[in-house]
Amino acid sequence: MSPPDRGALVVVGGGVAGATAALTISRHGLPVTLVDEQPQAGGQIFRAPTPYARRHVPPNHEFAGGDRLRALLAGSRVETRPATRVWGVSPRMDLDVLGPDGIDQIATRALVVANGATERVLPFPGWTDPRVIGLAGASILLRNAGTLPGRRVVVAGAGPLLFSVAHQVMELGGDVVAVVDAGRSGDWLRLGTALVRDPARLRLAVQWMTRLRLAGIPIHHRAHIAAVHAATDGLSVAVAKAGRPGVAFRYDDVDAVACGHGLKPATLLTRTLGARHRFDGVGGYWEPETDFSGRTSRAGLYATGDAAGIRGAAVARLRGLITGHAVALDQGAITARDFARLTRHPRMLLRRLDHVSRTMLPLLNASAPLFRAIPDDAIVCRCERVRAATLREATATGARDLNQVKAWTRCGMGPCQGRMCEDGARGVLAASCDLSPEEAGSFTPRTPFFPLPLAALTGTFAYSDIPLPKAAPL
């Protein structure tokens, strides 16, 4: 059943999934608006590089893929609204946005959420030092700005982005001091076997690993950063091995630490709109429940790409394509027979690549046990400076779900809306109260989704413009 004929067809997120969905909808003759917070479309993988990066970063498939995507959008009838952030959404799916022209509202009759993923970072003592950067942030700095986070870098965390960032540091002439990987070497071998079905990703993986091995860079599997301390000549990084007490390795004179522990779907929009979600135990995250076309439990609301579950760029493109056809079907632009014909080959490719991506998820979630054992003195919530010890005190006095912990400690009440601290807080709560992640739950989203400038809400005015009521008679 189609939603009422009101408003626009809107796609939120200009990455590979969102742009592909918008282009597909447009090709069916339907007007569609693409809202993206970046100045140019491309998302995380195909983010537009700066002119400096064009000159200093060697040509790569991300640059080429992003240029093709932006050229397709420029030559299409898709209405793009760049540099525009969604800060709220009404029960009727009307989007509150902030763009170059200020505050606006977009009424929708169908909404495709394709706003990608959020990085998880395991809290440890010292992770709030400004020289500690997320893997995703480091990748943007390296690939899209052509700038090293530091000359000597420790790369740590979980998932393929770990080795991608290490490769990028070396590509720009930096020194990778060590790679600290939470995963098991056997899991990487299983992924390598699965990658036979995805030759493009297999070639990249072989290229990265070969270069790291030839450079003699130490790679510590089943390991994690125990602490980072500021020292006279930079950072001192303590590395621990899983199942072993104490510090196994220490690296001094480090300029920066690039650290990330996998990805999770960005679900603020879908949760605010009341779509059903499920916990993916393999990936270790909440994701919206969707059918193969991206339809959620709410009519007119779709989730696609990594916003529907982490699978990588190749799967995101196929998901966006199928979702675009599904929107056209639901809007009456094509028939069910057309839809089956148009999606037959993409669905076949999707099944093959999705198997590879599911094999990757345990590596992305390899740090899950560490989230349950965060040291007491580690800050979990950066915005409100809440330590793990404070969260454990709350559970000891009766807190039994994340929102109760939030109310008692202010963890998750800061500008990031819990995007940085939710996984750490959930791990502490689950371990302290012997709860499953599903029982621990998630923070309830609230608007605005990010801090708004007061001037955007009030506009420009003079105090003489404010109508004042007459004084009450004496």
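Predicted model: local features only at pLDDT ≥ 70, side-chain atom pairs only at ≥ 80, totals over all residues.
Two residue pairs are in polar contact across the interface of domain 1 and domain 3, with both residues of each pair at pLDDT 80 or more. On the side of domain 1 that touches domain 3, the residues divide by class into 2 nonpolar, 2 polar and 2 charged.

**Domain layout**
- The protein chain comprises three domains, of which domain 1 is made up of residues 9-118 and 264-361.
- Domain 2 covers residues 122-260, and domain 3 covers residues 374-433.
- Between the centres of domain 1 and domain 3, taken over C-alpha atoms, the separation is 31 Å.

**Interface of domain 1 and domain 3**
- Contact involves 6 residues of domain 1 and 5 residues of domain 3.
- The area buried between domain 1 and domain 3 is about 480 Å², and 42% of it lies on carbon and sulfur atoms.
- Of the area that domain 1 buries against domain 3, 66% is supplied by Thr118, Lys264 and Leu268, more than by any other three residues.

**Salt bridge**
- The interface of domain 1 and domain 3 holds 1 salt bridge.
- Lys264 is paired with Asp423 in a salt bridge, and their closest N and O atoms lie 2.6 Å apart.
- Lys264 is also one of the three residues named above for their share of the area buried by domain 1 against domain 3.

**Annotated region**
- An unreviewed UniProt entry places the feature "domain: SoxA A3" at residues 384-458.
- Residues 384-458 are 51% helix and 3% strand.
- The end C-alpha atoms of residues 384-458 are 27 Å apart.

How values were computed:
Residues numbered from 1 in each chain as written. Heavy atoms only, no water. Domains from an automatic or database assignment. Contact = heavy atoms within 4.5 Å. Buried area = accessible area lost by both parts, 1.4 Å probe. Salt bridge = Lys/Arg side-chain N within 4 Å of Asp/Glu carboxyl O. Polar contact = N/O pair within 3.5 Å; in protein donor to acceptor, adjacent residues only side chain to side chain. Nonpolar A, V, L, I, M, F, W, Y, C, P; charged D, E, K, R; others polar. UniProt positions renumbered as here; feature names shortened; annotations may be inferred. Helix = DSSP H or I, 4+ residues; strand = E, 2+ residues; numbered from the N terminus.
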